[in-house]
Amino acid sequence: MGVLIIAEHHNGQLAGATRNTVSAGVQLGEVSVLVAGEGCRGVADEVAALEGVTRVLLCDAGAYAEGLAEPLADLIVAIAKDHTHLLAPATTFGKNLMPRVAALLDVAQLSEVIEVVDADTFKRPIYAGNAIATVRSRDTRKVLTVRATAFEAAVAGSGTAPVEVVEAIADPGLSRFVSRALTESDRPELTAARVVISGGRGVGSKENFTLVEQLADKLNGAVGASRAAVDAGFVPNDYQVGQTGKIVAPELYVAVGISGAIQHLAGMKDSKVIVAINKDEDAPIFEVADYGLVADLFEVMPILIASLE
Amino acid sequence: MKVLVCVKRVVDANVKISVKADGSGVERANLKMAMNPFDEIAVEEAVRLQESGKADETLVVSLGDKGCQETLRTALAMGIDRAILVESDTELQPLAVAKMLAAVVRREQPDLVILGKQAIDDDNNQTGQMLAALLGWGQGTFASQVTLSKNQLEVIREIDGGLETLALPLPAVVTADLRLNEPRYVKLPNIMKAKKKRLDVTCPDALGVDIQPRLEILKVEEPPVRSGGVKVADVAELVDKLRNEARVI
Ligand SMILES: Cc1cc2nc3c(=O)[nH]c(=O)nc-3n(C[C@H](O)[C@H](O)[C@H](O)COP(=O)(O)OP(=O)(O)OC[C@H]3O[C@@H](n4cnc5c(N)ncnc54)[C@H](O)[C@@H]3O)c2cc1C
Ligand SMILES: Nc1ncnc2c1ncn2[C@@H]1O[C@H](COP(=O)(O)O)[C@@H](O)[C@H]1O
């Protein structure tokens, strides 16, 4: 028995949120990690070295190469009987996969868990984080997605968990991978960055977003955005921070030209230090900001960037 | 080709909710209710498929109390042909919802089911994936574009790193993300017309589904409040505070 964590990885790289999920798993029992994919032995070895991992299950087959939910869910169900808890990060990968797993097992799923109370009881945000529910599962097996920002990342220790090979099972052939267009960036990954600079509708255009980018680069930060900025086409979709976008909790979050709608706050209000730059002194973003600067962003951003030379 | 859309009635996205003093849940009395925003997008997509001649029948389902009739009428006013209400006054969790939707699907035999990616009250983001699992169908979640050709669906999905394209054989389940389309506003004449459209009412028992909740809500609390900080006069003061007080740069 024990906990099974589904590792997320892309192109031979372990996704960071998997490590935070391991930390949540350690609170529930002995942690095994499933690494399913194609040519992912390297990822399995990386996982085996993580503090807290006692066993790695490696399933190397073409069907799992693109992380499709349908074949992966079938595989997980086939090995689920040995485990009390099944966990994945609450990323688009985990959210796509785990409800499918839960339904196949005829159990409920808990999304975006932020705290483990005991083996059956968990805390999770509802209503865009405006309330926190403590939820107890009556199912024998618990399927959860874990909010990475709520748990520390398991460190790469001296661990040498054994890697066991698991046989692939029949591919249900319910979906086919066609292509993937990933946003190219040399900046740190949004959900893992120490500093995040986000721009909103107030930034005004794609061209003006260079102000946000320049500040991010000065601080070695990632670039995020409000939904309005994404909808307006200033930045790609995957920059969206919020209730229905990404959840971030950096050391420093700077909101530039963002009003602070509850849906946006849901994605960033656990940041350690929040700075807001907005010309409207009544903007709700100031209610959560540690440091607020009431100003026209086009006047102050160049000065701010220059002063960090 | 027949398309089924699932809509949930939720507290309006613009309402700031409050937690009940006894910690038993969220205050819901007399709040403005609305169709879950993602479900409006799902409805719009179905209507567009019909308008473009790709779908010849559209159907909308909602599960919940009597109030859902209003939500279903909105979907009908947007252009959906027919509605089904599965009436239940007890709290419904995603697995039970998915099971009831699966029962409706078996009865109605649609080729495509469109849901929202997430209900903005419980923020579960589960039902579409569960439904696909129960039906043994493929799933195209978090869709920002859906292209239908003969017996196949191409779905562009919003994923953490960018966009991903999948091909799914029909029948399939799709969940709508924010950028799939921009839902239309309903016009008054269409609201009148919608009143005459067919709306059938059934119940969980009739669908033979056990809706017993699997998750027990022990407590609902306010999140820790973040107290607002200070206003700084200018950039120099901001930089000074970040360097010397917060020490984050
Ligand atoms: C179902 C649903 C899900 C949603 N999910 C998300 C989500 O995940 N993330 C998200 O962010 N939103 C989300 N939203 C949208 C959210 O409700 C807001 O509409 C959005 O966050 C507003 O973005 P904004 O602050 O950039 O724009 P606005 O609210 O228009 O604010 C722009 C701000 O810029 C300021 N400004 C303008 N010009 C200047 C200037 N020159 N200098 C300084 N300041 C200036 C203005 O004073 C204003 O405060 C969601 C909404 C719904 C209904
Ligand atoms: N009670 C319900 N009635 C109809 N559809 C629902 C219901 N609950 C959830 N759904 C659908 O499932 C989607 C995802 O909901 P959830 O999994 O609860 O976040 C919603 O956007 C709806 O399309």
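Predicted model: local features only at pLDDT ≥ 70, side-chain atom pairs only at ≥ 80, totals over all residues.
A polar contact here is a pair of N or O atoms within 3.5 Å; within protein, one must be able to donate a hydrogen and the other to accept it, and residues adjacent in sequence count only if both atoms are side-chain atoms.

Residues are numbered from 1 along each chain as its sequence is written, chains are lettered from A and ligands numbered from 1 in the order in which they are written, and side-chain values use heavy atoms, with hydrogens and water left out.

**Ligand 1**

- Ligand 1 has 29 residues around it (a heavy atom within 4 Å), and the closest include A:Arg201 and A:Asn278.
- Chains A and B both contribute residues, so this site is shared between chains.
- The side chain of A:Arg201 puts an N or O atom 2.6 Å from a ligand 1 oxygen, while the side chain of A:Thr244 has one 2.8 Å from a ligand nitrogen.
- The protein covers 83% of the 990 Å² of accessible area (Shrake-Rupley, 1.4 Å probe) that ligand 1 has on its own.
- Helices (DSSP H or I runs of at least four residues, numbered from the N terminus) that give two or more residues to this shell are α6 (227-231), α7 (262-268) and α8 (297-307) of chain A, together with α1 (37-51) of chain B.

**Ligand 2**

- Of the 17 residues around ligand 2, B:Cys6, B:Asp39, B:Ala119, B:Asn125 and B:Thr127 come nearest.
- Backbone atoms feature here: B:Cys6 has an N or O atom 2.8 Å from a ligand oxygen, B:Leu63 has a polar one 2.8 Å from a ligand nitrogen, and B:Gly116 has a polar one 2.9 Å from a ligand oxygen.
- Ligand 2 exposes 480 Å² when taken alone, and the protein buries 98% of that.
- Strands (DSSP E runs of at least two residues) β4 (57-64) and β6 (112-116) of chain B each supply at least two shell residues, with the largest share, 3 residues, coming from β4(B).

**Helix α7 of chain B**

- B:Arg247, which follows α7(B), has a positive phi near 50 degrees.
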